[in-house]
Amino acid sequence: MIVIVISLVFLLTSFVLVMINNGSSNEIKNILDGLLIVLMSLILFKLILQSFVVTFASVKAYKGEYYRYPFTIRVLR
């Protein structure tokens, strides 16, 4: 959710800067391509991190050890 909000802020800021400078459609395309590359790399990083964490947790569970997932919001105690 945070990544989506940040990317929307970048997108709107980029559009405003391009429109203020009377940018052409080629500049807008370059900005959108750059944002797409950044978002795709963040998604790829998240998938790799998630697969590592799940594999590590399954090995711990197989050994009977307790494991808490990182970056988890603990609502119930």
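Visitor: Which side chains meet in a salt bridge, and at what N to O distance?
Guide: In this predicted model, the count of salt bridges comes to one. K60 counts as partly exposed because its relative accessibility is 23%, and E65 likewise counts as partly exposed because its relative accessibility is 39%. The salt bridge joins the side chains of K60 and E65, with an N to O distance of 3.1 Å.

Visitor: How are the rings of F52 and F56 arranged as an aromatic pair?
Guide: A search of the whole structure finds two aromatic pairs. One of them joins F52 and F56, whose ring centres lie 6.2 Å apart with 20° between the planes. Since planes under 30 degrees apart are classed by that angle alone once the centres lie within 6.5 Å, the arrangement of F52 and F56 is stacked.

Visitor: Which parts does the pair of F56 and Y67 tie together, and how many residues apart are they in sequence?
Guide: F56 and Y67 form an edge-to-face pair, with 5.4 Å from centre to centre and 75° between the planes. Y67 is partly exposed, its relative accessible area being 24%. Because F56 lies in helix 2 and Y67 in the segment after helix 2, the pair ties together parts whose separation in sequence is 11 residues.

Visitor: Which residues do ring pairs link into a cluster?
Guide: The stacked pair contributes F52 and F56, and the edge-to-face pair contributes F56 and Y67. Ring pairs therefore link three names into a cluster, given that rings pair if their centres lie within 6.5 Å: F52, F56 and Y67.

Visitor: Which residues form a nonpolar patch on the surface, and what is their accessible area together?
Guide: The patch consists of L36, M40, I43 and L47, and L47 lies in helix 2, which spans residues 25–62. Together, L36, M40, I43 and L47 have an accessible area of about 410 Å².

Visitor: What percentage of the residues in the protein chain is buried?
Guide: The secondary structure of the protein chain comes to two helices and zero strands. Its accessible surface comes to about 7000 Å², of which 73% belongs to carbon and sulfur atoms. With buried meaning under 20% relative accessible area, the share of buried residues among the 77 in the protein chain is 9%.

How values were computed: Residues are numbered from 1 along each chain as its sequence is written. This is a predicted model: local features need pLDDT of at least 70, side-chain atom pairs count only at pLDDT 80 or more; totals for chains, interfaces and linings use all residues. Side-chain values use heavy atoms; hydrogens and water are left out. Patches are made of residues with over 30% relative accessible area and no salt bridge: like charges are joined within 9 Å, nonpolar side chains (Val, Leu, Ile, Met, Phe, Trp, Tyr) within 5 Å. Accessible areas come from the Shrake-Rupley method with a 1.4 Å probe; for residues, only the protein chains shown count as cover. A salt bridge is a side-chain nitrogen of Lys or Arg within 4 Å of a carboxyl oxygen of Asp or Glu. Helices (H or I, at least four residues) and strands (E, at least two) are DSSP runs, numbered from the N terminus. Buried means under 20% relative accessible area, exposed over 50%, partly exposed in between (1.4 Å probe, protein chains only). Rings of Phe, Tyr and Trp (its six-membered ring) pair if their centres lie within 6.5 Å; planes under 30 degrees apart count as stacked, over 60 as edge-to-face and the rest as tilted.
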